[in-house]
Every structure is written in C-alpha cells, then in structure tokens.
Amino acid sequence: MSRKLFAEAFLNERLEKRKQNGLLRKLSQTKDLIDFSSNDYLGLARSKELGQGLQKAVLLYPDAILGSTGSRLLSGNSEFAEKLEQDIAAYHGMEAALLFNSGYTANLALFSSLAQRGDTIIMDELIHASVIDGSRMGLGKRLKFKHNNLESLEEKLKVATGICYVAVESLYSMDGDQAPLKAIQHLCSTYNALLIVDEAHAFGVFEKGLVAQNGLSNQIFATLFTFGKALGAHGAAVTGSQLLRNYLINFARPFIYSTAMPFAQLLHIRLAYKYLQDHEELPLLLKKKIRLFQKQLLPITHIQTMEGPIQSILIPGQVAVRKASLELEAMNIKVYPIVSPTVAPGTERLRICLHTYNTDQEIEQLCHFLQHTIHI
Ligand SMILES: Cc1ncc(COP(=O)(O)O)c(C=O)c1O
C-alpha cells in the first residue's frame with residue numbers, strides 16, 4: 001500500500017470508530033433558533049448599538065491598514081495595541097496585560113512556556129483543553145486534582161517539585177460552577193505555589209471577573225480574560241506582572257510565531273470594554289434571567305442550578321442527551337448536547353447558556369420542557 005493510501009485508511013478507521021460509537025463530530029450551521037447555547041451571555045455580539053459604534057469608529061482611523069502584517073515582534077505591533085493592553089491591565093487592576101489571538105492560544109502560550117524540567121503544573125481535572133494542551137507542549141510535570149476539591153489539591157501540592165503552578169477556571173465552562181478561589185489561593189500561598197486563573201466565562205458576567213470580586217487581583221500570578229464570550233468579540237489577554245509580560249514576549253511561542261490581531265479586532269475589543277463599562281445594568285439583567293431559571297426548576301429537587309449563566313442538565317448517555325436536544329430543536333430552541341470526549345462518559349449533559357436577551361417566556365418554555373423530560 002502506498003503511504004497515502006495507508007494514511008487514508010488510518011484516518012478513515014478513526015473516523016469510522018467515532019461514527020460507530022455515535023461520537024462523530026460534524027460542523028453545522030446554527031439555524032435561527034432561540035439561543036440557549038452561545039457564549040454571548042450579555043448580548044454584546046449582537047448589539048446593534050455596539051455594531052454601529054464600531055462602524056463609526058473605523059472611520060476615525062482612515063490610515064489603519066487591514067492586516068497586522070506580522071507577529072507583534074516584527075511588523076505587527078502598534079501604539080494602539082500597546083495602549084489597549086495598558087488600559088486592559090488598569091481596568092482589571094493588574095500591572096500589565098498581553099494580548100493573544102484567542103483564549104486557546106493564550107493558554108498554550110502560558111502553560112507551554114512557564115514550567116521547565118523539574119517544575120510542576122497542577123490543574124483541576126475539569127480544566128479547559130487549552131491548559132492541558134499547553135502544559136503538554138511544555139517540559140513540566142503535570143498533575144490533576146479532583147474538581148474543586150481542596151484536599152485533593154493539597155495532596156498534589158505536597159508532592160510538587162520545582163516551581164509549582166496551579167491552574168483553575170473561576171467559572172467552569174461545562175459544569176457552570178465556581179472555583180473556591182479564596183481557599184485555593186490560600187492553599188497556594190501556604191505551599192508557595194503560583195495560581196493562574198482562567199476567567200473566560202466569568203469576565204463580564206461577574207463584571208471584572210471573580211478574581212476581582214474576591215479581592216485577589218494582587219495575589220494571583222496570572223489571569224486569563226477571553227473576549228469571545230461575554231465581550232462578544234474575539235481574542236484574549238493575559239494579565240499579571242510586567243515581568244510575566246516580558247517573559248511571555250520572549251518565550252511564548254504561540255505569541256512569537258503568529259501574526260498579530262488586525263486593527264479592526266483591536267478596535268472591537270476596545271469598544272466592547274467601553275460598552276461593558278457603560279452598561280452596568282447588563283450583568284444585573286442576566287442575574288434576573290438566572291433567578292427565573294432557578295425558580296422554574298425549583299420543583300425538580302435533584303437538579304442543582306448554578307449562580308452563573310451556564311446550567312448543566314445531566315442526561316447520561318449520548319443517545320438520550322442527543323434525543324433531548326433534538327426535541328428542543330423541534331420546539332425552536334437550541335441547546336447543544338455535550339458528550340464524551342468533551343465530558344467524561346456517563347456525564348453527558350445539555351449545556352444551557354442563559355443570556356440577557358432570552359425572554360422570560362423563552363426561559364419558561366425551556367424549563368417546562370426540562371420539568372417534563374427529567375425523570376431521573
Ligand atoms: C475556560 C476556557 N478557557 C479558554 C477558552 C479558549 O478561549 P477562545 O475561545 O478565545 O479560544 C475557552 C473556550 O471555550 C474556555 O472555555
């Protein structure tokens with residue numbers, strides 16, 4: 001067999017196996033359904049006001065070129081990008097910020113470059129794939145602790161060697177629960193470990209994020225803010241010390257060897273931050289929607305609803321959870337089924353995201369379906 005045929009047979013075999021297990025991933029185009037699935041928690045991605053503001057703002061920069069034309073270290077840097085970083089750092093109460101093309105890239109950058117041979121990265125077992133992938137690219141030892149379990153974290157801290165980094169999400173992307181940040185930071189300082197917090201899903205929803213709300217901004221080694229979720233844009237920033245920023249500029253390969261964001265994206269991020277600051281009512285409105293969802297599901301006592309916008313309704317088994325999702329689709333409601341390998345087998349779930357723009361009737365309709373579907 002030629003090498004090409006051999007490779008094709010291998011690719012086909014893997015895909016076929018996925019298909020047989022009912023786990024084949026496919027791209028689909030979201031139809032115009034009621035949105036209970038996107039990460040646009042505060043509606044900024046669809047804000048007409050913000051969109052029109054962006055169109056107008058673009059006209060103020062007639063000399064801006066379309067592409068950034070290179071890595072930040074070559075032709076891709078600009079005064080605009082550096083000023084945006086300074087303002088992002090100041091907004092979050094940190095010394096410095098560094099922009100990345102996405103949250104995924106930012107986590108690759110951080111976790112691939114920090115830990116050296118002999119060092120340790122300890123991560124929550126439910127941490128996002130980008131942290132796992134980043135730490136796999138690096139040289140440090142990787143340890144996982146049980147989700148949000150302080151005893152398990154302490155066990156790992158006791159056996160860590162070298163410089164020890166601890167990675168958590170402040171609001172977990174699949175389960176929607178929050179990390180006990182204060183207790184985790186306390187443990188980290190006891191064991192001389194450096195805490196890194198991914199605020200992807202908390203930023204905007206909890207205003208400046210849960211690190212700030214817990215008064216921990218000055219104690220955390222690095223924080224990740226992503227712009228593709230509540231900010232409704234795209235990209236990310238790592239905040240921390242000036243020293244960390246300089247280090248990443250020098251050693252983080254996903255930063256060094258990639259074309260910088262184009263001007264339009266930088267402008268979008270700047271305006272979205274401004275919009276968030278000008279619309280303090282949005283997190284409160286979202287909270288109201290979450291309260292309504294919680295109240296509606298109160299009768300189903302075994303469902304634990306979350307304080308944030310991500311609500312995970314366990315429907316074990318990929319067939320059952322897909323069926324529930326299709327039934328919702330027939331009602332014009334979009335909720336994705338989350339199956340293995342994204343989550344562990346047996347913890348398949350409907351991942352419901354609540355938004356400021358979901359009407360009360362829509363939430364009631366969704367909850368009515370859940371009340372009649374969940375008999376576990
Ligand atoms: C916790 C967490 N971190 C990082 C990312 C990656 O961010 P981005 O979508 O900007 O690449 C995600 C996205 O799903 C996430 O949920």
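Start your tour at the second largest pocket, whose lining residues divide into 13 nonpolar, eleven polar and one charged. Here Ala, Val, Leu, Ile, Met, Phe, Trp, Tyr, Cys and Pro count as nonpolar, Asp, Glu, Lys and Arg as charged, and the others, Gly among them, as polar. You are looking at a predicted model, where local features need pLDDT of at least 70, side-chain atom pairs count only at pLDDT 80 or more, and totals for chains, interfaces and linings use all residues. Residues are numbered from 1 along each chain as its sequence is written, and side-chain values use heavy atoms, with hydrogens and water left out.

**The pocket**

Select Ser68, Gly76, Ala260, Met261 and Leu266: of the 25 lining residues, these lie nearest the pocket's centre. The volume is about 340 Å³. On a 1 Å grid over the protein atoms alone, a pocket is an open set of points with protein on both sides within 12 Å along at least five of seven lines, while a cavity is a set where a 1.4 Å probe fits but cannot get out; lining residues have an atom within 4 Å of a point. Grid points are joined across faces, edges and corners, and a volume is the space filled by probe spheres set on the points.

Next, colour α3 (79-91), β2, α10 (253-256) and α11, each of which supplies at least two residues of this lining. Helices (H or I, at least four residues) and strands (E, at least two) are DSSP runs, numbered from the N terminus.

**The cavities**

Now go inside, to two cavities of 30 Å³ or more. For the largest, with about 40 Å³ of space, select Val205, Phe206, Pro283, Leu286, Lys287, Ile290 and Glu307. Five of these lining residues are nonpolar and two are charged.

The second largest cavity holds about 30 Å³. Its lining takes two or more residues from each of β2 (96-100), β8 (236-240) and α9 (242-251).

**The cores**

Finish with the largest nonpolar core, of 86 residues; select Val166, Phe227, Phe293, Ile313 and Leu370, which have the most contacts inside it. Such a core is a set of buried Ala, Val, Leu, Ile, Met, Phe, Trp, Tyr and Cys residues joined through side-chain atoms within 4.5 Å, where buried means under 20% relative accessible area (1.4 Å probe, protein chains only). Helix α11 (residues 263-278) gives this core its largest share, eight residues.

Zoom in on Leu370: leaving aside residues up to four places away in sequence, Leu370 touches Phe293, Leu297, Ile300, Ile313, Leu350 and Ile352, with contact meaning heavy atoms within 4.5 Å.

Terms used
Buried < 20%, exposed > 50% of the residue type's maximum accessible area, 1.4 Å probe, protein only.
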